[in-house]
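Please look through the model shown below and work through the questions that follow it. Each answer is meant to be checked against the coordinates.

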Amino acid sequence: VTTRRPYDILIGQDILADTGSYIRECVEPCKACLVTDSKVNTIYSQVVISSLIEAGYQTSKIVFPEGEHSKNITTYTNILESLAEEGLSRSDLIIALGGGVVGDLSGFAAATYLRGIKYIQVPTTYLAAVDSSVGGKTGLNLLYGKNLAGAFWQPSMVICDYDTFRTLPEQEMLDGVAEAVKSGMIMEANLIDKVLKKDYGSVIERCVSIKKSIVEADERDTGIRQLLNFGHTVGHSIERLSSYKTSHGLAVAKGMVMESYAAYKMGLTDFDASGFLRETLSRFGFDLSIPYTAEELYKYALNDKKIHGDCIAMVIPESIGKCRLQKISLSDLGKFLRLGMEDYPG
Ligand code: NAD
Ligand code: ZN
């Protein structure tokens with residue numbers, strides 16, 4: 001990925017035990033602090049730590065409780081204090097082993113500790129592999145909404161061993177499916193077939209390639225990168241309204257169907273993608289219902305980072321594999337959500 005700091009993405013099976021030797025290709029032996037959550041820690045920490053030691057790194061480990069609820073300022077502070085306690089310097093390294101929560105928090109800690117140190121993403125969820133581990137968006141949730149504090153900070157390498165999905169609960173696999181279908185919808189119709197065939201190696205490769213091209217064109221998310229937000233305006237509101245009981249991917253799945261339907265009803269596109277999406281996502285067993293009102297969704301959508309002045313950029317499907325961005329006013333957003341929820345077919 002050719003961002004201001006270029007980096008490689010390695011995708012393979014059974015490569016976790018070689019993490020240390022891969023990292024040596026881009027970072028000299030130093031202090032390497034593994035950051036992970038309580039669940040991933042019990043399954044995968046040991047193999048990664050051993051390979052780091054073997055490759056000559058001096059290791060330490062920070063573990064926080066698993067789950068979206070940990071993606072907050074308290075966990076972040078604890079990570080920073082632990083890094084300081086371990087005596088990590090500017091030439092040292094953080095290794096984020098886990099899903100999107102670990103990656104986002106560790107990345108933000110890496111961006112801000114000593115004004116920025118290197119970090120490596122080692123995604124262990126389908127969602128992190130196809131989406132969050134690449135692109136350098138890091139951060140945490142505030143009480144008022146998702147990802148409201150953060151930084152752009154690119155990793156030095158991404159090492160994705162999709163054998164780790166074997167221990168991933170079905171619900172978490174679905175979260176990855178939702179983001180992969182999203183990438184297919186915005187850029188590459190064929191990708192959706194690969195998702196249906198569960199061809200993980202090539203799904204990850206295609207998603208990461210799509211994300212690479214978008215991030216290289218718009219690292220700071222001021223233009224085309226906002227295409228990746230398809231389904232996320234409504235999705236983030238659903239996550240927040242459910243107090244994060246509805247997972248990110250499931251919320252995005254619901255959001256994609258509802259936003260597509262609303263865009264069609266509002267006359268922003270001639271193409272109603274909601275039928276195709278509902279059918280595709282239902283094949284995986286997604287529950288696409290939205291148990292909230294348009295007014296509730298609107299309230300939380302107002303905290304969205306995609307709002308500039310009194311406009312928000314919405315992602316509008318033109319066909320399967322092609323979407324465009326369109327700015328709508330906040331009062332039109334209210335109408336958009338009302339039309340979408342009126343006889344929402346989820
Ligand atoms: P997560 O990190 O909470 O992981 C989900 C659950 O799976 C956790 O309980 C975790 O302990 C467990 N787990 C992880 N790997 C496992 C494995 N191999 N085997 C068994 N259990 C495993 O959540 P996620 O779905 O990976 O990521 C969601 C987060 O990612 C959200 O906070 C979202 O905002 C963020 N996100 C960020 C970006 C970005 O660009 N930075 C993009 C998309 C999503
Ligand atoms: Zn997402």
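Q: At what angle do H10 and helix H11 (residues 274–283) pack, and how far apart are their axes?
A: In this predicted model, local features need pLDDT of at least 70 and side-chain atom pairs count only at pLDDT 80 or more, while totals for chains, interfaces and linings use all residues. Residues are numbered from 1 along each chain as its sequence is written, and chains are lettered from A and ligands numbered from 1 in the order in which they are written. Helices (H or I, at least four residues) and strands (E, at least two) are DSSP runs numbered from the N terminus, and axes are lines fitted to C-alpha atoms, for helices over the stretch in contact, with angles from 0 to 180 degrees between N-to-C directions. On that basis, H10 and H11 pack at about 160 degrees, with their axes 8 Å apart.

Q: Is H10 roughly parallel or roughly antiparallel to H11?
A: Angles under 35 degrees count as roughly parallel, over 145 as roughly antiparallel, 65 to 115 as roughly perpendicular and the rest as oblique. The angle between H10 and H11 is about 160 degrees, and this makes the orientation of H10 relative to H11 roughly antiparallel.

Q: Which residues of H11 make the contact with H10?
A: Two residues are in contact if their C-beta atoms, placed from the backbone, lie within 7 Å. On the H10 side the contact is made by Ala253, Met256, Val257, Ser260, Tyr261 and Tyr264. Their counterparts in H11 are Ser274, Leu277, Arg278 and Leu281.

Q: How are H9 and H10 oriented to each other?
A: Helix H9 (residues 232–241) packs on H10 at an angle of about 135 degrees, with the axes 7 Å apart. H9 and H10 are therefore oblique to each other.

Q: Which residues of H10 does H9 meet?
A: The H9 side consists of His232, Thr233, Val234, Gly235, Ile238 and Glu239. In H10 these meet His248, Ala251, Val252, Lys254, Gly255, Met258 and Glu259.

Q: Which residues of H8 meet H6?
A: The axes of helix H6 (residues 170–187) and helix H8 (residues 200–217) come within 10 Å and cross at roughly 55 degrees, and the two helices are therefore oblique to each other. From H6, the residues involved are Ala180, Ser183 and Met187. In H8 they meet Val203, Cys207 and Ile210.

Q: How many residues of domain 2 are in contact with domain 1?
A: The domain assignment, whose bounds come from an automatic or database source, gives domain 1 (8–167) and domain 2 (171–342). Their centres, taken over C-alpha atoms, are separated by 26 Å. Domain 1 contributes 21 residues to the contact, and the number from domain 2 is 28.

Q: Which elements each supply at least two residues of the side of domain 1 that touches domain 2?
A: Two strands and one helix are named here. They are strand S1 (8–12), strand S7 (145–152) and helix H5 (126–132).

Q: Why does Met314 count as buried?
A: A residue is buried if 20 or more other C-beta atoms lie within 10 Å of its own, exposed if 12 or fewer, and partly exposed in between, with C-beta atoms placed from the backbone. Met314 is placed in strand S10 (residues 311–319). Met314 counts as buried because its C-beta neighbours inside 10 Å number 25.

Q: Is Arg115 buried or exposed?
A: Arg115 is in the loop between helix H4 (100–112) and strand S5 (118–123), and has a positive phi of about 60 degrees although it is not a glycine. With 7 other C-beta atoms within 10 Å, Arg115 is exposed.
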